[in-house]
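Dear colleague,

I am passing on the structure that we spoke about, and my notes on it follow below. Please read them beside the model itself.

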Amino acid sequence: MPTKRKYVSPRREQAAAQTRAEILQSATRLFAERGYGRVTVADIAAEAGVSSKAVFASAGSKGDILNEIVDTAVRASGYEQAMRAVLAERDPESALRALAHGTRVGNEGMFTVHEAIHKALPSHEDGEALWERATADYRAALRTAARHLHTLAPPACPEEETADLLWFWFGPGGWRTLVAENGWPWDRAEAFLLRTALATLRTP
């Protein structure tokens with residue numbers, strides 16, 4: 001006798017997906033505001049307007065939720081689009097302008113997510129691995145940008161040092177230092193970081 005297939009309601013699936021999204025958004029806001037260690041599953045449930053049981057059923061534990069936030073940051077970073085713009089440029093200044101703007105757009109758009117991850121690092125049981133997972137593709141993209149700059153017109157420093165400098169300026173730390181810690185507007189931060197990169201990497 002054939003096994004009867006279980007009916008899955010599209011409306012119920014849609015509602016479940018919406019609940020999960022609201023839980024993740026609520027957790028992201030709370031982690032960014034208070035820090036991962038100071039937020040409980042009950043806090044997340046209250047923020048999302050659901051029960052703690054619903055949080056566990058829909059999104060898992062607090063650690064599972066943070067892992068999903070990291071994966072979201074990687075998927076939505078926009079680094080691929082930014083890198084296409086950088087690699088399309090045929091002179092170093094234009095490439096750096098594209099890099100400054102592209103990384104600014106990504107960091108500005110994902111600011112709350114990045115803050116949630118950053119504030120989780122001190123209290124997370126494996127913060128170093130978490131940060132590595134969150135930033136590996138970003139670092140690789142900036143190494144590609146450094147290689148492209150050296151192909152166009154090599155700066156005075158070695159390619160590896162150029163990649164390190166690009167991470168220092170245009171990685172999440174550079175943007176966070178100016179915008180989050182010092183209250184700079186994004187436009188001012190972009191202009192300053194670009195100006196610094198152009199002055200430092202100017203072809204001898």
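Helices (H or I, at least four residues) and strands (E, at least two) are taken here as DSSP runs, numbered from the N terminus. This is a predicted model, in which local features need pLDDT of at least 70 and side-chain atom pairs count only at pLDDT 80 or more, while totals for chains, interfaces and linings use all residues. Residues are numbered from 1 along each chain as its sequence is written, and side-chain values use heavy atoms, with hydrogens and water left out.

On the overall fold, the protein has eleven helices and zero strands, and its C-alpha trace spans about 75 × 45 × 30 Å along the principal axes. Of its 204 residues, 41% count as buried, where buried means under 20% relative accessible area, exposed over 50%, and partly exposed in between (1.4 Å probe, protein chains only). If contact is taken as heavy atoms within 4.5 Å, then among contacts between residues at least 6 apart in sequence, 68% join residues at least 24 apart.

The domain assignment, which is an automatic or database one, gives domain 1 (11–61) and domain 2 (77–201). Their C-alpha centres lie 30 Å apart, and eight residues of domain 1 are in contact with eight residues of domain 2. The area buried between the two domains (accessible area, 1.4 Å probe, that two parts lose on being put together, summed over both) is about 600 Å², of which carbon and sulfur atoms give 71%. On the domain 1 side, Thr-28, Ala-32 and Tyr-36 lose the most area to domain 2, together 71% of what that side buries. Between the domains the count of salt bridges is zero, a salt bridge being a side-chain nitrogen of Lys or Arg within 4 Å of a carboxyl oxygen of Asp or Glu.

Helix 7 (residues 111–120) has Val-113, Glu-115, Ala-116, Ile-117 and Ala-120 as its buried residues, and what covers them includes helix 1 (10–34), helix 4 (62–75), helix 8 (127–152) and helix 10 (172–181).

His-150 has its place in helix 8 and counts as buried, at 15% relative accessibility. Its side chain is joined to that of Thr-162 by a polar contact of 2.7 Å, a polar contact being a pair of N or O atoms within 3.5 Å, of which, within protein, one must be able to donate a hydrogen and the other to accept it, and residues adjacent in sequence count only if both atoms are side-chain atoms. Not counting residues up to four places away in sequence, His-150 touches Pro-155, Cys-157, Pro-158, Glu-159 and Thr-162.

As for salt bridges, the count comes to eleven. The side chains of Arg-29 and Glu-47 meet in one of them (3.5 Å, N to O); Arg-29 lies in helix 1 and Glu-47 in helix 2 (residues 41–48), so the pair ties together parts that are 18 residues apart in sequence. Arg-104 forms a salt bridge with Glu-108, with the closest N and O atoms 2.7 Å apart, and these two residues, four apart in helix 6 (residues 92–109), are separated by about one helical turn. Arg-104 counts as buried, at 10% relative accessibility, whereas Glu-108 is partly exposed, at 35%. Both belong to a network of salt bridges that links Arg-104, Glu-108, Asp-187 and Glu-190.

With best regards
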